[in-house]
Amino acid sequence: MQAVLAAMFVMAGVMKSTQPKAKLVGRLPWTADFSQGTVRFIGVVEFAAALGLVLPAATGIAPY
(Lines give C-alpha, C1' and ligand atoms only; values in the text may rest on other atoms or scores of the structure.)
Protein backbone atom coordinates (compact mmCIF):
# COMPACT_ATOMS: atom_id res chain seq x y z
CA MET A 1 0.00 0.00 0.00
CA GLN A 2 2.87 2.36 0.75
CA ALA A 3 4.35 1.81 -2.69
CA VAL A 4 1.04 2.64 -4.38
CA LEU A 5 0.65 5.82 -2.33
CA ALA A 6 4.28 6.75 -3.03
CA ALA A 7 3.72 6.26 -6.76
CA MET A 8 0.70 8.55 -6.64
CA PHE A 9 2.71 11.20 -4.79
CA VAL A 10 5.55 10.92 -7.32
CA MET A 11 3.21 11.31 -10.29
CA ALA A 12 1.41 14.29 -8.78
CA GLY A 13 4.64 15.90 -7.58
CA VAL A 14 6.42 15.57 -10.89
CA MET A 15 3.39 16.92 -12.75
CA LYS A 16 3.10 19.99 -10.51
CA SER A 17 6.81 20.74 -10.35
CA THR A 18 7.59 20.41 -14.06
CA GLN A 19 4.58 21.74 -15.97
CA PRO A 20 3.72 25.41 -16.35
CA LYS A 21 0.84 26.72 -14.28
CA ALA A 22 -1.20 27.60 -17.38
CA LYS A 23 -1.26 23.94 -18.40
CA LEU A 24 -2.17 22.77 -14.88
CA VAL A 25 -5.19 25.08 -14.50
CA GLY A 26 -7.18 22.97 -16.96
CA ARG A 27 -6.76 19.80 -14.88
CA LEU A 28 -6.34 21.33 -11.44
CA PRO A 29 -8.53 24.47 -11.17
CA TRP A 30 -7.27 25.28 -7.66
CA THR A 31 -3.84 26.14 -9.10
CA ALA A 32 -5.29 29.39 -10.49
CA ASP A 33 -5.43 30.72 -6.92
CA PHE A 34 -1.71 30.22 -6.26
CA SER A 35 1.54 31.45 -7.77
CA GLN A 36 3.73 29.25 -9.97
CA GLY A 37 6.29 29.04 -7.19
CA THR A 38 3.73 27.81 -4.67
CA VAL A 39 2.44 25.15 -7.05
CA ARG A 40 6.00 23.96 -7.72
CA PHE A 41 6.70 23.91 -3.98
CA ILE A 42 3.64 21.71 -3.44
CA GLY A 43 4.93 19.37 -6.15
CA VAL A 44 8.36 19.15 -4.54
CA VAL A 45 6.79 18.44 -1.14
CA GLU A 46 4.67 15.67 -2.67
CA PHE A 47 7.81 14.15 -4.16
CA ALA A 48 9.51 14.35 -0.76
CA ALA A 49 6.50 12.64 0.81
CA ALA A 50 6.94 9.76 -1.64
CA LEU A 51 10.56 9.42 -0.57
CA GLY A 52 9.47 9.52 3.07
CA LEU A 53 7.08 6.65 2.47
CA VAL A 54 9.56 4.40 0.69
CA LEU A 55 13.05 5.12 2.05
CA PRO A 56 12.59 4.00 5.68
CA ALA A 57 11.54 0.51 4.63
CA ALA A 58 14.06 0.38 1.78
CA THR A 59 16.98 1.29 4.03
CA GLY A 60 15.80 -0.71 7.03
CA ILE A 61 15.98 2.29 9.37
CA ALA A 62 12.32 2.18 10.42
CA PRO A 63 10.59 -0.60 8.49
CA TYR A 64 7.27 -0.42 10.39
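At 7% relative accessibility, Lys 16 counts as buried, the term buried meaning under 20% relative accessible area, exposed over 50%, and partly exposed in between (1.4 Å probe, protein chains only). The side chain of Lys 16 meets that of Glu 46 in a salt bridge. The model is predicted, so local features need pLDDT of at least 70 and side-chain atom pairs count only at pLDDT 80 or more, whereas totals for chains, interfaces and linings use all residues. Residues are numbered from 1 along each chain as its sequence is written, and side-chain values use heavy atoms, with hydrogens and water left out.

**Overall architecture**

- The protein has 3 helices and 0 strands, where helices (H or I, at least four residues) and strands (E, at least two) are DSSP runs numbered from the N terminus.
- From the N terminus on, the order of elements is α-α-α.
- The radius of gyration is 14 Å, well over the 11 Å that the globule rule gives for 64 residues, so the protein is more spread out than a compact globule. This radius is taken over C-alpha atoms, and the globule rule is 2.2 Å times the number of residues to the power 0.38.
- Along the principal axes, the C-alpha atoms fill a box of roughly 40 × 20 × 15 Å.

**Burial, contacts and surface**

- Of the 64 residues, 19% are buried.
- Among contacts with a separation of 6 or more, 45% are between residues 24 or more positions apart; contact means heavy atoms within 4.5 Å.
- The protein exposes about 4,300 Å², of which carbon and sulfur atoms supply 74%. Accessible areas come from the Shrake-Rupley method with a 1.4 Å probe, and for residues only the protein chains shown count as cover.

**Helix H1**

- H1 has 17 residues and reaches 24 Å from its first C-alpha to its last, close to the 24 Å expected at 1.5 Å a residue. The expected span is 1.5 Å times one less than the number of residues.
- Ala 6, Gly 13, Met 15 and Lys 16 are buried in H1.
- The cover over these buried residues includes helix H2 (21-27) and H3.

**The salt bridge**

- The structure holds 1 salt bridge, defined as a side-chain nitrogen of Lys or Arg within 4 Å of a carboxyl oxygen of Asp or Glu.
- Glu 46 and Lys 16 form the pair, at 2.8 Å from N to O.
- Glu 46 is buried, with a relative accessible area of 16%.

**Leu 53 in helix H3**

- Leu 53 lies in helix H3 and is partly exposed, with a relative accessible area of 21%.
- Leaving aside residues up to four places away in sequence, Leu 53 touches Gln 2, Leu 5, Ala 6 and Phe 9.
- The C-alpha atoms of Leu 53 and Lys 16 are separated by 19 Å, and the two residues are 37 residues apart along the chain.

**Nonpolar surface patch**

- Val 10, Val 14, Phe 47, Leu 51 and Leu 55 make a nonpolar surface patch of about 370 Å². Patches are made of residues with over 30% relative accessible area and no salt bridge; like charges are joined within 9 Å, and nonpolar side chains (Val, Leu, Ile, Met, Phe, Trp, Tyr) within 5 Å.
- Helix H1 (2-18) and helix H3 (36-59) are the elements that give two or more residues to the patch, and the largest share, 3 residues, comes from H3.
- Val 10 is found in helix H1 and is partly exposed, with a relative accessible area of 30%.
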